[in-house]
Amino acid sequence: MEIVLTLVFSSVLLIFMVYPSMKIVEFCETKFEISDRMYNISTVVLTIVLSLIVGAGLYYL
């Protein structure tokens with residue numbers, strides 16, 4: 001049941017975590033050379049990871 005509630009919280013946060021993940025990847029792009037394909041993949045993966053972290057934090061706090 002804990003996993004289901006964490007995933008429910010995370011699914012809502014997917015929309016809100018796109019902007020911070022784009023900003024993080026843009027910051028990394030200034031430090032490293034990143035292709036467009038890698039930029040898109042990094043943004044999607046970072047969005048999912050951030051939403052899971054915040055969703056777990058909402059459940060356990």
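Predicted model: local features only at pLDDT ≥ 70, side-chain atom pairs only at ≥ 80, totals over all residues.
What radius of gyration does the protein have, and what would a compact globule of 61 residues have?

Figure 1. The protein has a radius of gyration of 13 Å, whereas a compact globule of 61 residues would come out near 10 Å. Its C-alpha atoms fill a box of roughly 40 × 20 × 15 Å along the principal axes. There are 3 helices and 0 strands to find here, and from the N terminus the elements read α-α-α. Of the 61 residues, 21% count as buried. The accessible surface comes to about 4,700 Å², and 75% of that surface belongs to carbon and sulfur atoms.

**Figure 2. Helix H1 and what covers it.** Start at residue 2 and follow the helix to residue 16: these are the 15 residues of H1. At 1.5 Å a residue, H1 should span 21 Å, and the end C-alpha atoms are 22 Å apart, so the two values agree. Which residues of H1 are buried? Look for Thr6, Ser10 and Leu13. The cover over the buried residues of H1 includes helix H3, residues 36–60.

Figure 3. Side chains of opposite charge can pair when their charged atoms come close. Where do Lys23 and Glu26 lie? Both belong to helix H2, residues 18–31, and they are 3 residues apart, about one turn of the helix. An α-helix has 3.6 residues a turn, so residues three or four places apart point the same way. Lys23 is partly exposed, with a relative accessible area of 43%. Glu26 is also partly exposed, at 30% relative accessibility.

Figure 4. Now move along to helix H3, where you will find Thr43. Is Thr43 buried or exposed? Thr43 counts as buried because its relative accessibility is 11%, below the 20% cut-off. Setting aside neighbours within four places in sequence, Thr43 is in contact with Ser21, Met22 and Val25.

**Figure 5. Ser42 in helix H3, viewed together with Lys23.** Ser42 lies in helix H3. At 23% relative accessibility, Ser42 counts as partly exposed. How far apart are the C-alpha atoms of Ser42 and Lys23? They are separated by 11 Å, while the two residues are 19 residues apart along the chain.

**Figure 6. Tyr59 and Tyr60, an aromatic pair.** The count for the structure comes to 1 aromatic pair. That pair is formed by Tyr59 and Tyr60, with 4.8 Å from centre to centre. Their planes stand at 85 degrees to each other, an edge-to-face arrangement. Tyr60 counts as exposed because its relative accessibility is 54%, over the 50% cut-off.

Key: Residues numbered from 1 in each chain as written. Heavy atoms only, no water. Phe/Tyr/Trp six-rings, centres within 6.5 Å; stacked < 30°, edge-to-face > 60°. Buried < 20%, exposed > 50% of the residue type's maximum accessible area, 1.4 Å probe, protein only. Helix = DSSP H or I, 4+ residues; strand = E, 2+ residues; numbered from the N terminus. Expected span 1.5 Å × (residues − 1). Contact = heavy atoms within 4.5 Å. Rg over C-alpha atoms; globule rule 2.2 N^0.38 Å. Areas by Shrake-Rupley, 256 points an atom, 1.4 Å probe, with all protein chains shown as cover.
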